[in-house]
Amino acid sequence: MSTDTNDDTTDEESGGHCSTPDSDGEVAEEIAIISFERKLDTAEEIASELADEYERIDVVEYHGDVFEDHWGEYDCFLGLMASGIAMRKTAPLLDDKWDDPAIVVVDEQLTWAIPITGGHHGANQVAHDLSQLGAVPAMTTASEAAGEQGVESKAKALDTHVVNGDSTVATNLAVLNDELGPVARLDGPRAVLVGDDVTVLKRNTDDGVVLGTGTVSGVEKAQVLNAWDAALADLGLDTSDVEFVATGTRKEGEDGIYEAAQEIGAGVVLFEKETLAEFEGPSPSRSKELIGWPGIAEASAIAGGREHELLREKERFDDAVTVAVGQ
């Protein structure tokens with residue numbers, strides 16, 4: 001299967017490919033804003049603006065050993081200072097990209113937000129969030145600079161983490177060369193032997209549902225969001241219970257789906273026709289009669305769920321969006 005969501009995309013398989021960071025593929029949650037005394041008002045403004053996005057944001061006044069004193073306490077340091085200061089003070093502390101905190105700098109005028117280290121491990125995320133205050137995120141990680149997503153970021157869309165970090169050098173190079181291929185999903189129990197150039201992703205949680213979604217061409221974001229809300233509410237759920245959105249490769253590039261998924265912070269998984277045929281749902285499908293595709297909403301909800309079970313059969317909303325819910 002294929003995964004994709006404008007900014008947040010992932011590959012997964014029973015058969016397909018994908019296209020949303022601390023070291024284990026999770027987002028940074030605890031941030032220290034390091035600021036000189038004269039910039040503390042700006043630091044507090046940043047903390048207030050981003051408060052809802054993170055579990056913890058502390059404003060810490062700068063002194064010569066501030067990074068060393070708080071090293072290991074936060075996922076990310078946001079330096080309200082010149083990049084040279086942050087680089088000189090943190091360079092002796094850096095050890096391993098999978099363990100080191102991410103480091104971002106931003107100027108006092110909030111013009112540029114620059115990830116220094118840990119781009120895939122929280123820095124790119126924080127820099128992007130600073131765009132809410134007008135800062136331009138200056139991404140320099142190779143995959144993002146090329147308009148692609150590194151495998152660490154791909155893990156985010158499926159709420160997974162990278163098990164074997166050393167493998168990502170090879171797999172991120174494959175991303176740049178458009179050679180990564182599908183991310184295979186294997187249901188256990190089973191034993192898997194992998195090489196050094198195979199990145200293994202493991203789920204972070206054992207709950208959540210999958211929104212199987214089919215739409216008409218040109219569907220609007222609001223139509224998709226309304227349909228999802230209605231389908232979830234019928235189960236006593238809301239968008240916070242969603243692991244990811246699943247659909248067919250026929251819907252690749254359907255902006256309304258991607259924009260809606262981004263709105264709820266979910267990745268989009270695109271399944272190939274052959275995969276959907278293996279997980280066909282119980283409801284009759286007009287598309288199967290006309291073009292040979294099984295019903296996208298039910299089949300993708302079943303294929304994407306860890307139990308491959310359908311919680312809610314498909315329903316069409318606003319003559320534009322069909323939704324089924326799987327687990």
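Thr 247 is buried in this predicted model. Its relative accessible area is 1%, so Thr 247 falls under the 20% cut-off for burial. Asp 234 is exposed, at 53%. A hairpin of β13 and β14 is also described here.

**Thr 247 and its surroundings**

- Thr 247 belongs to strand β11, which covers residues 242–248.
- The side chain of Thr 247 comes to 2.6 Å from the backbone oxygen of Thr 213.
- Leaving aside residues up to four places away in sequence, Thr 247 touches Thr 213, Ile 257, Val 268, Val 269, Leu 270, Phe 271, Ile 296 and Ser 300.

- Asp 234 sits in the loop between α8 (221–233) and β11.
- Asp 234 has a relative accessible area of 53%, so this residue counts as exposed, the cut-off being over 50%.
- The side chains of Asp 234 and Arg 312 make a polar contact at 3.0 Å.
- Along the chain, Asp 234 and Arg 312 are 78 residues apart. Their C-alpha atoms are separated by 8.8 Å.

- Strands β13 (residues 310–317) and β14 (residues 321–326) run antiparallel.
- Five bridges join β13 to β14.
- Arg 316 stands opposite Thr 322 in β14.
- Three residues lie between the two strands of the hairpin.
- Asp 318 takes a positive phi near 55° in this hairpin.

Conventions. Residues numbered from 1 in each chain as written. Predicted model: local features only at pLDDT ≥ 70, side-chain atom pairs only at ≥ 80, totals over all residues. Heavy atoms only, no water. Helix = DSSP H or I, 4+ residues; strand = E, 2+ residues; numbered from the N terminus. Buried < 20%, exposed > 50% of the residue type's maximum accessible area, 1.4 Å probe, protein only. Polar contact = N/O pair within 3.5 Å; in protein donor to acceptor, adjacent residues only side chain to side chain. Contact = heavy atoms within 4.5 Å. Pairing = 2+ DSSP bridges.
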